[in-house]
Amino acid sequence: MKSWSALCEQALSFHPDMSLEHMMGPPPLPSDQLLALSDAQVFSVMTRRIFRAGLKHSLVDAKWPVFESVFYGFNPEAVQEMSDEQLEGLMHDERIIRHFGKIKATRENALMMVDLAQEYGSVAKMIAHWPVTDIVSLWNLLKKRGKQLGGNSVPYFLRMLGKDTFMLTDDVVVALKALGIVDKKPTAQRDLKQVQAAFNEWHQESGRAMCQISRVLAHSIGQGHV
């Protein structure tokens, strides 16, 4: 495993036209700004990520005001009460993306949102206070209790929201393999914990956010897709 300074040197050697600060990109939102989010805002971002998966993001974003309307402003309490007939009716609404699996998942995720709010005070509070040094446990919780949140959907959602997290994009996985931290794409809990431990070490050494470390790691092997 390389030190943070060695990773930075390697990334800069691949991208001599970029500064380290530009490579790392913006920091995550501070906790107080995450805490200020309503659960409806959190739910909207989560659902947008789900509908974006596999589609051009601009297509989903252009339709999002209609999604906000048909899903009651993403009020979790309201969405959890939507009937089967209402959900089926949305399949005839040409203004939205008519993917029934994702439409059904929206109601199921509303139930999760309500349950988590009861357990933690609010979902925004849960996310804001979750330690980045164990961010994979938050991934696992949301993946296990939610729907359509497999693969990289949870970390992408958290990044869209502004919560600090590293990403397991193809470039990051290649870099982790080259460093001997994993030998394949990490999906098993043991492998994810090894990745978390490596990021924690770089985090402690550099004082940088996990998302910034993730970007440098991706740039350290070439293209830097994050």
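Predicted model: local features only at pLDDT ≥ 70, side-chain atom pairs only at ≥ 80, totals over all residues.
Student: Which element gives the largest share of the lining of the largest pocket?

Tutor: The elements that contribute two or more residues to the lining of the largest pocket are H10, H11 and H13. The largest share, 3 residues, comes from H10.

Student: What kind of aromatic pair do Trp139 and Phe166 form?

Tutor: By the rule used here, the count of aromatic pairs comes to 10. For Trp139 and Phe166, the ring centres are 5.1 Å apart and the planes stand at 65 degrees, and because planes over 60 degrees apart count as edge-to-face, the angle decides that this pair is edge-to-face.

Student: How many residues apart in sequence are the parts that this pair ties together?

Tutor: Trp139 is buried, and so is Phe166. Trp139 lies in helix H10 (residues 135-145), whereas Phe166 lies in the loop between helix H11 (153-161) and H12, so the pair ties together parts whose separation in sequence is 27 residues.

Student: By about how much of a helix are Phe199 and Trp202 separated?

Tutor: Phe199 and Trp202 form an edge-to-face pair, 5.5 Å from centre to centre with 85 degrees between the planes, and both residues are buried. Because they are 3 residues apart in helix H13, their separation is about one helical turn.

Student: Is Thr106 buried or exposed?

Tutor: Thr106 is found in helix H8 (residues 100-120). Leaving aside neighbours within four places in sequence, Thr106 is in contact with Phe43, Thr47, Phe51, Phe71, Phe74 and Val79. The relative accessible area of Thr106 is 2%, and since a value under 20% is the cut-off, Thr106 is buried.

Student: The backbone oxygen of which residue lies 2.9 Å from a polar atom of the side chain of Thr106?

Tutor: A polar contact needs a pair of N or O atoms within 3.5 Å. The side chain of Thr106 has a polar atom at 2.9 Å from a backbone oxygen, and that oxygen belongs to Lys102.

Student: Which residues of helix H12 are buried?

Tutor: Helix H12 covers residues 170-178, and what covers its buried residues includes helix H13 (189-206) and helix H14 (210-219). The buried residues of H12 are Asp171, Val172, Val173, Ala175 and Leu176.

Terms used. Residues numbered from 1 in each chain as written. Heavy atoms only, no water. Buried < 20%, exposed > 50% of the residue type's maximum accessible area, 1.4 Å probe, protein only. Helix = DSSP H or I, 4+ residues; strand = E, 2+ residues; numbered from the N terminus. Contact = heavy atoms within 4.5 Å. Phe/Tyr/Trp six-rings, centres within 6.5 Å; stacked < 30°, edge-to-face > 60°. Polar contact = N/O pair within 3.5 Å; in protein donor to acceptor, adjacent residues only side chain to side chain.
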